[in-house]
Amino acid sequence: MTRAAEAFISTSALRHNLERINQTAPQSKITAIIKANGYGHGIVRVAQALEQRVAAFGVASIEEALTLRESGIAQNIILLAGFFEPGELQIISNYKFSMAIHSQSQIDILERVTVSMPIPVWLKIDTGMHRLGVPAAMAENLWRRLMACSAVAKPIGFMTHLASADDLSSQQTQEQLECFKNAVGHLPGERSIANSAGLLAWTQTRSHCIRPGLALYGVSPFAETTATHYGLQPVMTLRSRLMAINLYKQNDSIGYNATWTCPEDMPVGVVAIGYGDGYPRHAKIGTPVLIRGVRVPLVGRVSMDTICVDLRPCPSAEVGDSVTLWGQGLPVEEIAHSANTIPYELLCKVTPRVKFVEENSSTC
Ligand SMILES: *Cc1c(COP(=O)(O)O)cnc(C)c1O
């Protein structure tokens, strides 16, 4: 048996999720967010599965955008942070990318350059996230400056990013919407506001264009719910196998620093997955894995190549059995919570040691 850590990627689940998002916001165009290697799912694979069904793709850098073009993706691609250096602008123009413009210094540069084909632009406005974006009070003035740039295609769109849409009790989303409206409500052009949490929970954020990331991958952005609540299916299922089953005595300790002790004589399974594969090292004792459809708890510390599990709930388990770490049957939201992180991070951090296997038909 070779080392068995595998990430199964269901492109049919991906398309299903896109369809669900489309039903949720039928009036909106969809920019599928596929930065960070498609949230760890494989940027080209995700783009190929969705290309015919979305209006654009959103990425974080020109490298990601070029990877897509080089793989034959002809679809519109938006650089969500725009350009980092003036030298990128002619490439952006040549490859027909669009870009968000988030700062005055980017506009200063745009005013000085000429490119062969004007570049479609979204002016990104800071409405309260306070990360990237031009101040709302300056939006109109900066928009006028952009309108005068020969390097910028017209009309110009407006976008903003929500800081707390995943928190249903927060006032901030409402405040951001107000701020956005006051800043650019009177100016012509498309608007783009919603991320996954916005489009699922805040009707008014569903403007001309929505920008789902996490929801596409079949994961809930909310702490209180999992994706099935929204009819979404997990796209990635991380699986490995049981590589050993050992019987230990009461009071035997398990793993590094002996953080867990057997309460009785019992079977302990060793699974071929660890933080070297992207399984979170901080997963708490008790974090579930799925064997033969049964949830069994993690015991002891996560090692680089292995984890140990309490096999008492699944006495029929055998060496070689498939073990699901997250995905179909075991929401990654739950694992993230148990590891004190967010599902975004777990998905992005699966390492190249894990074999990626594409599945075209949903098995659930
Ligand atoms: C990453 C990103 C998104 C997607 O956010 P999700 O929470 O994954 O839906 C949308 N817009 C921008 C600007 C982003 O950077």
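## Where α3 meets α4

In this predicted model, Ile43, Val44 and Ala47 of α3 are in contact with Glu64, Thr67 and Leu68 of α4 (contact means heavy atoms within 4.5 Å). By class, this contact has 4 nonpolar, 1 polar and 1 charged residues. Here Ala, Val, Leu, Ile, Met, Phe, Trp, Tyr, Cys and Pro count as nonpolar, Asp, Glu, Lys and Arg as charged, and the others, Gly among them, as polar.

Two packed helices are described by the angle between their axes and the distance between the axes. For α3 (residues 43-50) and α4 (residues 62-70), the angle is about 60 degrees and the axes are 10 Å apart. That makes α3 oblique to α4. Angles under 35 degrees count as roughly parallel, over 145 as roughly antiparallel, 65 to 115 as roughly perpendicular and the rest as oblique. The axes are lines fitted to C-alpha atoms over the stretch in contact, with angles running from 0 to 180 degrees between N-to-C directions. Helices (H or I, at least four residues) and strands (E, at least two) are DSSP runs, numbered from the N terminus.

## Where α1 meets α3

Helix α3 also packs with α1 (residues 11-24), at an angle of about 55 degrees and with the axes 10 Å apart. These two helices are therefore oblique to each other. Thr11, Leu14, Arg15 and Leu18 of α1 make the contact with Arg45, Val46, Ala49 and Leu50 of α3. Sorted by class, the residues of this contact are 5 nonpolar, 1 polar and 2 charged.

## Around the ligand

Which residues come nearest to the ligand? Of the 14 residues around it, they are Lys35, Tyr39, Ser196, Leu214 and Tyr344 (a residue counts as near if one of its heavy atoms lies within 4 Å).

Now for the polar contacts, which are pairs of N or O atoms within 3.5 Å. Lysine 35 has a side-chain N or O atom 2.5 Å from an oxygen atom of the ligand. Tyrosine 344 places a polar side-chain atom 2.6 Å from a ligand oxygen atom. For histidine 161, a side-chain N or O atom is 3.5 Å from a nitrogen atom of the ligand.

## Two backbone details

Most residues other than glycine have a negative phi, and most peptide bonds are trans. The bond from lysine 154 to proline 155 is cis, with omega near -5 degrees, and proline 155 sits in the loop between α7 (139-147) and β8 (157-159). Asparagine 257, although not a glycine, has a positive phi of about 60 degrees. This asparagine 257 is in the loop between β12 (253-254) and β13 (260-261).

## Reading the numbers

Residues are numbered from 1 along each chain as its sequence is written, and side-chain values use heavy atoms, leaving out hydrogens and water. Local features need pLDDT of at least 70 and side-chain atom pairs count only at pLDDT 80 or more, while totals for chains, interfaces and linings use all residues.

Terms used
A polar contact is a pair of N or O atoms within 3.5 Å; within protein, one must be able to donate a hydrogen and the other to accept it, and residues adjacent in sequence count only if both atoms are side-chain atoms.
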